[in-house]
Amino acid sequence: MSATAAKEIWFITGSQHLYGPEPLAKVAENGARIAESLDAESDIPVRVVFKPIVTTADEILNTCREANNAPNCIGLVLWMHTFSPAKMWIAGLTALRKPFLHLHTQFNRELPYSTIDMDFMNLNQAAHGDREFGFITARLRLPRKVVVGFWKDPETVNEVGAWSRAALAWNESQTLKVARFGDNMRNVAVTEGDKVEAQKVFGFTVSGFGIGDLVDRMNQFTDADVDQLVAEYRDTYTIAKEHDRIDSLKVAAKIELGLRAFLEEGGFGAFTDTFEDLHGMRQLPGIATQRLMASGYGFGGEGDWKTAALVRLMKVMAQGLTGGTSFMEDYTYDFSGEPKILGSHMLEICPSIASDKPSVQVHPLGIGGKEDPVRLVFNTSAGAGICVSIIDVGNRFRMIVNEVDVVVPEHEFPKLPVARTLWVPRPNLKIAAAAWIYAGGAHHTGFSQALTMEHMQDFAEIAGIELVRIDDSTKLHELRRELMWCDAAYKIH
Ligand code: MN
């Protein structure tokens, strides 16, 4: 996982020279206090660094250029404590290539009725200074997040924190490399897409490899390496006697060693494979993929490079938060009682979402024609989560996010040999599934119990892609109109 501790958000306070040196010194002092306070907040996972206040167009342009060139700077928080005529911001904001958040706050919380005078008014005028700034960001049509509230309020801090996580993922996306073993699963449409456009929009690259490259790397490991990893499996998970099949475990361990080495040595943060292309391999990677996801790698099944990248980005966004993040697939429904979705995959669900100690199991796999793959089997903790899909609709990427509530299954699944998650989508399955299908969302998703709609919305805003929200307030007729309007808007764009 990338080192968040070194990443920075720059806190920049805008002003002008109209007020003389004394108020400007006060502006700088107050800005530094706010930056220092935000920096100390645990809800913001990166450093918040105070930068000298900007009072001229040249200072603004220079600061924006400096931000562009600073590898550790993942974004800017901008605040107009006083008034900063916004024509001064045009050159800087136009040159800026890092995300920004417009923090609409005020140094003082209360209105000081008994002491307020014009000096106070002139110093504490974000109420109109930030409106002037807001005009130019709207006029320039720039992606941004506007957060309104007192800077010490938990809600304000939390909103800045969510955005900083999205900015972290955006930073990751610029250099993310996805390894793709084999091609797309035959004739599947939704897992396809324009990889050139994806690189232009998101920054990440997708490189294809023959499965033989992976098999070669696997074969460089010795029996001793393999035995050591098998011992780790036995120590870490439960394993029933009938599943403790040494030959299968050794094959699985060798796959994990080879895959992990291949990804590490190539600098990859995500990968995809397909059961249709396993020449030279005895099993489809199961436990290997599951444990790699738990280490922070993104994964998408059947050549799904978009979901592989998405899962990696969601894992970067979620680091340090409670709750796991996994590749997921909508599998089957329970239409009785309160309708639910059972999510799973053939093998590849990340144990970061496990509610119990995963058990190592070996079962036949009906498809792929290979030996019985080793996999980790577990249930998922109850609680709120999100399912996220990114699709290529031809002239743009669309992200679809559904808020869900994971529930504890009322019954066991004694014959189901895969990890699984049972959830009620919001507002309910009838509306959520129809909305998802109207929007064209994939069967593959990035699933997270650490992230919320806000994180994904902030990421979509930074990336400049369409976002379709499916939540408690979703009404189908409105969603269908939204899809139609968005189609029209992107044609004009
Ligand atoms: Mn699949």
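This is a predicted model: local features need pLDDT of at least 70, side-chain atom pairs count only at pLDDT 80 or more; totals for chains, interfaces and linings use all residues.
Reader: How do you know that the span of helix α1 agrees with its number of residues?

Author: Helix α1 covers residues 21-40, which is 20 residues. At 1.5 Å a residue these should span 28 Å, and the end C-alpha atoms lie 29 Å apart, so the two values agree.

Reader: Which residues of α1 are called buried, and why?

Author: Buried means under 20% relative accessible area.

Reader: What makes them line one face of the helix?

Author: Viewed down the axis of α1, the buried residues fall within an arc of 160°, so they line one face. The face turned away from the buried side carries Pro21, Glu22, Glu36 and Ala40, which are exposed.

Reader: What do the buried residues of α1 pack against?

Author: Their partners include the strands β1 (8-13), β2 (47-50), β3 (73-79) and β4 (100-104), and also the helices α4 (118-123) and α6 (154-173).

Reader: Why is β3 described as largely enclosed?

Author: Seven of the seven residues of β3 are buried, so the rest of the structure largely encloses this strand.

Reader: What makes β3 a paired strand, and with which strands?

Author: Pairing needs at least two bridges. β1 and β3 run parallel and are joined by six bridges, while β3 and β4 are parallel with three. From β3 the chain crosses through helix α3 (residues 90-95) to β4, in a right-handed β-α-β crossover.

Notes: Residues are numbered from 1 along each chain as its sequence is written. Side-chain values use heavy atoms; hydrogens and water are left out. Helices (H or I, at least four residues) and strands (E, at least two) are DSSP runs, numbered from the N terminus. The expected span of a helix is 1.5 Å times one less than its number of residues. The arc is that of the directions from the helix axis to the C-beta atoms. Buried means under 20% relative accessible area, exposed over 50%, partly exposed in between (1.4 Å probe, protein chains only). Contact means heavy atoms within 4.5 Å. A crossover is right-handed if, with the strands pointing away from the viewer, the path from the first strand over the helix to the second runs clockwise.
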